[in-house]
Each structure stands twice: as C-alpha cells, then as structure tokens.
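Hello,

Here is the structure I promised to pass on to you. Have a look at it first, and then read on for what turned up.

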Amino acid sequence: TYNIRPALAYNVTKEEHRWNATVKSIISSLPDTDTVLFSFGQIDSASHFPKQAQLQDRPIEDVALDAAHDYFNFIVEISQAYNKQVIIYGPVTAGNMEVTDFLFKEKLLGAKIFTEYLQDRCKDVDGIEILPLYELLVDDEDTDKIKSEYFYDKTHLGTKILPYLIEKINE
C-alpha cells in the first residue's frame, strides 16, 4: 500500500502536480504482475467539486464530470504505459453530514456523477475495473443520506464494508 496522503483525483491527473509524478514513480517500480488499485475521489466530492462549482459558477454535475473524465483518462494512460490491470475504488462518499462547509446533498451528487461516469467508461476498456461504492453507501430511500453503519467515525469506512469489497475483488 502506498499512501500519498490526502490527494485529489483532480490533481493527480495534472502532469505538473507532484501527485502525478509520485503515482507514476510508484507504479513504475512495481512488478509487472501487480494490479493497481486507485483510491481517489472522496476529497474531490466532499470538498473540491462543491468549492469549484461555487468559484466557477458552474453546476456541480459539470465540475464532477470534467474531473471524472480527466481521472479516467489518467487511469487509461497508466494502464497502457505500465501494462497494468487497474481497479478504481469508490470513490467513498462524504460520510459526515455535520460538516457544513457545503450542502451534503451537493457532496453526494458530486460522488454520484463521478462514480456513474467511471462505471460507464469502464465498460468500454479492458483491464480497468471499478469497485463502485455510491449505491452501497447512499440510503436507498433518501438519497440525501448515507448508510451510517458503514462509517466508523462519520468520515472513514469501517470494517463492515469488507465482505462487499472481498466479494467484488474476487469477482
């Protein structure tokens, strides 16, 4: 596991950003048989998308789509350049409805748009799979709420999600 600290999917796609170089450096050092799992997008949907939507006076859907497009293209580039199987994890939705920096439903909408775009694109590309979390984490009856039982501290996922992840990885 390589933790490059809290990182944005938005930034990892930028050639000039340190996270882009860090990810490429790590992946270039891995054995050819390793599969790479990318876990980006939670901070994007919880903070970056709503903030950029306000700053740019654009719908959050457009901001999330643009970021998802760039992120997916980055993943395809990595997959092809380093001949790697790739798994896209999540993103994890925002879990803390008490943080009021932005509307919680906006955070969830950003995660939904981001996830749906990635799911749709993964259908067309061999060697890239997704472990989507949105539908698992968001309440079926009230899509402005999360299923809090999956979060151990209102932000981070707990162990209850492990059976789902193990099942999906085995598939």
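This is a predicted model: local features need pLDDT of at least 70, side-chain atom pairs count only at pLDDT 80 or more; totals for chains, interfaces and linings use all residues.

You will find Thr 93 in the loop that runs between strand S2 (85-89) and helix H5 (104-122). Leaving aside residues up to four places away in sequence, Thr 93 touches Gln 42, Leu 108, Ala 111, Tyr 134, Leu 137, Val 138, Ile 146 and Phe 151.

The peptide bond between Gly 90 and Pro 91 is cis, with omega near 10°, and Pro 91 is placed in the loop between S2 and H5. Both Gly 90 and Pro 91 are touched by Thr 115, as are Ile 130, Pro 132 and Tyr 134, again not counting residues up to four places away in sequence. Thr 115 itself belongs to helix H5 and is buried, with a relative accessible area of 2%. Where does its side chain reach? The side chain of Thr 115 reaches the backbone oxygen of Ala 111, at 2.7 Å.

Now for the sheet. It is an open sheet of three strands in the order S1-S2-S3, and the pairing is parallel. From one strand to the next, the twist averages 20°.

- S1 and S2 pair in the parallel sense over four bridges. Thr 35 stands opposite Gln 85 in S2, Leu 37 has Ile 87 of S2 as its bridge partner, and the bridge partner of Phe 38 in S2 is Ile 88.
- S2 and S3 also pair in the parallel sense, over four bridges. Here the bridge partner of Tyr 89 in S3 is Leu 131.

Helix H4 (residues 60-81) packs on this sheet and touches S1, S2 and S3. The direction of H4 makes about 155° with that of S2.

Which residues of S1 are on its covered face, and which are on the uncovered one? Val 36 and Phe 38 make up the covered face, while Thr 35 and Leu 37 make up the uncovered one. In a regular strand, side chains alternate between the two faces of the sheet. As for S2, that strand is mostly covered, with four of its five residues buried.

Phe 38 also leads us to the aromatic residues. The structure holds five aromatic pairs. In one of them, Phe 38 and Phe 40 are tilted, at 6.1 Å centre to centre and with 35° between the planes. Phe 38 and Phe 40 are both buried. Another pair is formed by Phe 49 and Phe 114, whose ring centres are 5.6 Å apart; their planes stand at 45°, so this pair is tilted. The pair links distant parts of the chain, since Phe 49 is in helix H3 (residues 42-56) and Phe 114 is in helix H5, 65 residues apart. Phe 49 and Phe 114 are buried as well.

Two lysines are worth a look alongside the rings. The charged end of Lys 14 sits over the ring of Tyr 10, 4.4 Å from its centre. Lys 160 lies over the face of Tyr 150, at 5.7 Å from the ring centre.

Finally, a few words on the backbone. Arg 5 is not a glycine, yet it has a positive phi of about 80°. Arg 5 is found in the segment before helix H1 (9-12) and is exposed, with a relative accessible area of 58%. Asn 83 is another residue other than glycine with a positive phi, near 50°. Asn 83 is placed in the loop between H4 and S2 and is exposed, with a relative accessible area of 64%.

Technical notes:
Residues are numbered from 1 along each chain as its sequence is written. Side-chain values use heavy atoms; hydrogens and water are left out. Helices (H or I, at least four residues) and strands (E, at least two) are DSSP runs, numbered from the N terminus. Contact means heavy atoms within 4.5 Å. Two strands pair if DSSP finds at least two bridges between them. Axes are lines fitted to C-alpha atoms, for helices over the stretch in contact, and angles run from 0 to 180 degrees between N-to-C directions. Rings of Phe, Tyr and Trp (its six-membered ring) pair if their centres lie within 6.5 Å; planes under 30 degrees apart count as stacked, over 60 as edge-to-face and the rest as tilted. Buried means under 20% relative accessible area, exposed over 50%, partly exposed in between (1.4 Å probe, protein chains only). A charge sits over a ring if NZ of Lys or CZ of Arg is within 6 Å of the ring centre and within 35 degrees of the ring normal. A polar contact is a pair of N or O atoms within 3.5 Å; within protein, one must be able to donate a hydrogen and the other to accept it, and residues adjacent in sequence count only if both atoms are side-chain atoms.
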